[in-house]
Amino acid sequence: MIVKCDLLLKVTMSSPRSTMSDSIREMYQFSVVDYCMFGGMLILSAACGIYYGFFKRSTNTSSSTSECEDEQDHLPEAGVPAKKPTNTFGSATIDEYLLGSRKLKAFPVAMSLLAGYISGVTILGTPAEIYNFGTQYWLIAVPILLMGVAVCTVYLPVFCSLKLNSSYEYLELRFNPYVRSMASVMFVINQMLFLPMVIYVPALAFNQVTGFNIYVIGAIVCVVCIFYTLLGGIKAVVFTDAWQVVVMFISVVVVVIIGTIALGGPGVIWDRAVEGGRIDFFNFNPSMYERQTFWAVLIGGFFYWTSYNAVNQTMVQRYMSLPNLKTAKFSIYMFVVGTAIFVSVCCYTGLLLYGKYYDCDPATVELVTTSDQLFPHYVMESVGNLRGMPGLFIAGVFGAALSSLSVILNTTSGVLLEDILKGLFRVTPSSLVANIVVRGSVVVLGLAAMGCLFIVDKLDGILIVSATLAAIGNGTTGGIFTLGMLVPWSNTKGALAGGIAGALLSGWISLGSQFASAAGEVVPHKLPVSVDGCIEELITNTTIVNPIYPDESGVFPLYRLSYHWITPIGVTTVVLVGSIVSFLTGPRDLRYIDPELISPVVHRFLPRESFSYFGTANKGPTCVSEEMQTQTNIPVDSSAPYGTAANGQNGRVKARN
């Protein structure tokens, strides 16, 4: 998210378009077929909401087969027919609306995870990153794959065993309500600030190729997204994401294939990239100030992706919509492989753009106002003559935006109910009130995103604040969850102290670097470009100035750090400070800790006495199915029967081998 906000910052600081740029852009405009392609994507999205809201609903009120309440209260008596859903609007229950009754399939959820993370900013920003700074960022595919292993091994088994509705509920079970509230409030604020930006960038690209008003198209997309999210809930979100990611992938791949053939094949593109200094995979410079290095991408990328995908509620909610741990792992592995492939395609697209514009940089001659508009400009110039192709591409970009927006709306509404209303204010709403809160939140958040479109391109400060909160959110929450799951002796005081320290430090670095960048004290060093091949009219009407980079030696060192290091610093600070404070204030007695709250990779280091408390932390009336339970490494003692613990609070009996 830091990368996304960094790219968005460039968009809002752009200069006015030149007359020459406008005249050339008029050559490439949408046709009727292109508008039909784009409109079809919006209509299908709305249809998914109607289908899953009214025609594909659960036929019974049981929210999950693993909940005791359902088994006791909803099973029909002999000779009495099962009750039909009393709610005729959309999903039958809140559990169905937010979690799909935990019965979704692995592949659609994997595609939804991919679509939710790959936004329009990724499609437009990643090629620009490669075009301007070279291929070092391409190594991000490696930490993405490693992240999948870490999530499935360390974090996911805990969430699956506890069977929680919200990931932040874990923090209350492990520490106390204050830690949970700190993380959930931070999440809500961060998502509210990011909502309008998800729509703004693709709307800007749409404006570039059609001349259509940014705010009108943004409002239309917001309304469609609110509609199908409001009606269909997580089912509509997941299955709409699934086909949207297919459109997104096809649109980019088709453009890349056509472009590669037009330039003479991958060999020509590679040779031009080598000559232009774009090929660099092994920059082992140990400096933390350089934007892209081998160490920054691998280490920083791993911390960022793991912190986000392991504990962020937008991801965990969809993990929990699956029926068991095995299915959830399979879905995550498909997600990380798909993401690595898609990001690689976007990175190759950056080389394709350079192969096309290696001797006539569109930004220098003001054909585009920002680097993020390079890809849309290329699409219109290269395949704009093929009816439907520009429409397919923009439909893919907006499909990515819709998927990200719908996920945020659905997830944030769930956090407002579970963590804010129930967790922070200790209110237990009725089913009707819960429905009103969740669905009302979707509408209010969507309308707020729509309203913020009018100010997001005029107020640079909101971008700086959003980037800062993203850094704080990823580093702090990732660190607190890691502290809770991997450091058994950590206590509440340690979690609060570590969380505050991590938030302050990562926020200080992020906010300081954003202000230093806005003031021109720190400027990313782009690789050189050329205009030797441009037509004379473009050069004549353009003042070409060689970039002059400021002396950054006088800038405070923390403000010069590459954005890759912000999340690792935040996570490390939380874990170190939290561990130290926990020791100083009295570490938790491991003999009485519930092992269910600790990652299975640490179970072998826990004292044997602790396993008699297995399952006592989660006092809710849940009957976790055996499929969702995780096997733990409990030492075997033949002299004493071990591994069975009775939970007096909820009557659960769990066996662990």
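Two rings of Phe, Tyr or Trp count as a pair if their centres lie within 6.5 Å. I kept that in mind while going through this model, which is a predicted one.

**Rings.** I searched the whole structure and got 23 aromatic pairs. Ring pairs join Phe-159, Tyr-168, Tyr-170, Phe-187 and Phe-481 into a cluster. I also looked for charges over rings: Arg-560 lies over the face of Tyr-289, 4.0 Å from the ring centre. The charged end of Arg-278 sits over Tyr-131, at 5.8 Å from the centre of the ring.

**Core.** Tyr-170 turned up again here. The largest nonpolar core has 155 residues, and Ile-123, Tyr-170 and Phe-375 touch the most other members. Helix α11 (residues 214–263) gives this core its largest share, 22 residues. I checked Ile-123 too: leaving out residues up to four places away in sequence, its contacts include Met-248, Phe-342, Phe-375 and Ala-400.

**Salt bridges.** I found 6 of them. Arg-291 and Glu-129 meet in one, at 2.8 Å from N to O. Arg-291 is in the loop between α12 and α13, Glu-129 is in helix α7, and they are 162 residues apart. Is Glu-129 buried or exposed? I noted 4% relative accessibility, so Glu-129 counts as buried. Arg-291, at 15%, counts as buried as well.

Next I looked at Arg-426 and Glu-172, whose side chains meet at 2.6 Å, N to O. Arg-426 lies in the loop between α17 and α18 and Glu-172 in helix α9, so this pair ties together parts 254 residues apart in sequence. Arg-426 is partly exposed at 46% relative accessibility, while Glu-172 is buried at 19%.

Notes:
Residues are numbered from 1 along each chain as its sequence is written. This is a predicted model: local features need pLDDT of at least 70, side-chain atom pairs count only at pLDDT 80 or more; totals for chains, interfaces and linings use all residues. Side-chain values use heavy atoms; hydrogens and water are left out. Rings of Phe, Tyr and Trp (its six-membered ring) pair if their centres lie within 6.5 Å; planes under 30 degrees apart count as stacked, over 60 as edge-to-face and the rest as tilted. A charge sits over a ring if NZ of Lys or CZ of Arg is within 6 Å of the ring centre and within 35 degrees of the ring normal. A nonpolar core is a set of buried Ala, Val, Leu, Ile, Met, Phe, Trp, Tyr and Cys residues joined through side-chain atoms within 4.5 Å. Buried means under 20% relative accessible area, exposed over 50%, partly exposed in between (1.4 Å probe, protein chains only). Helices (H or I, at least four residues) and strands (E, at least two) are DSSP runs, numbered from the N terminus. Contact means heavy atoms within 4.5 Å. A salt bridge is a side-chain nitrogen of Lys or Arg within 4 Å of a carboxyl oxygen of Asp or Glu.
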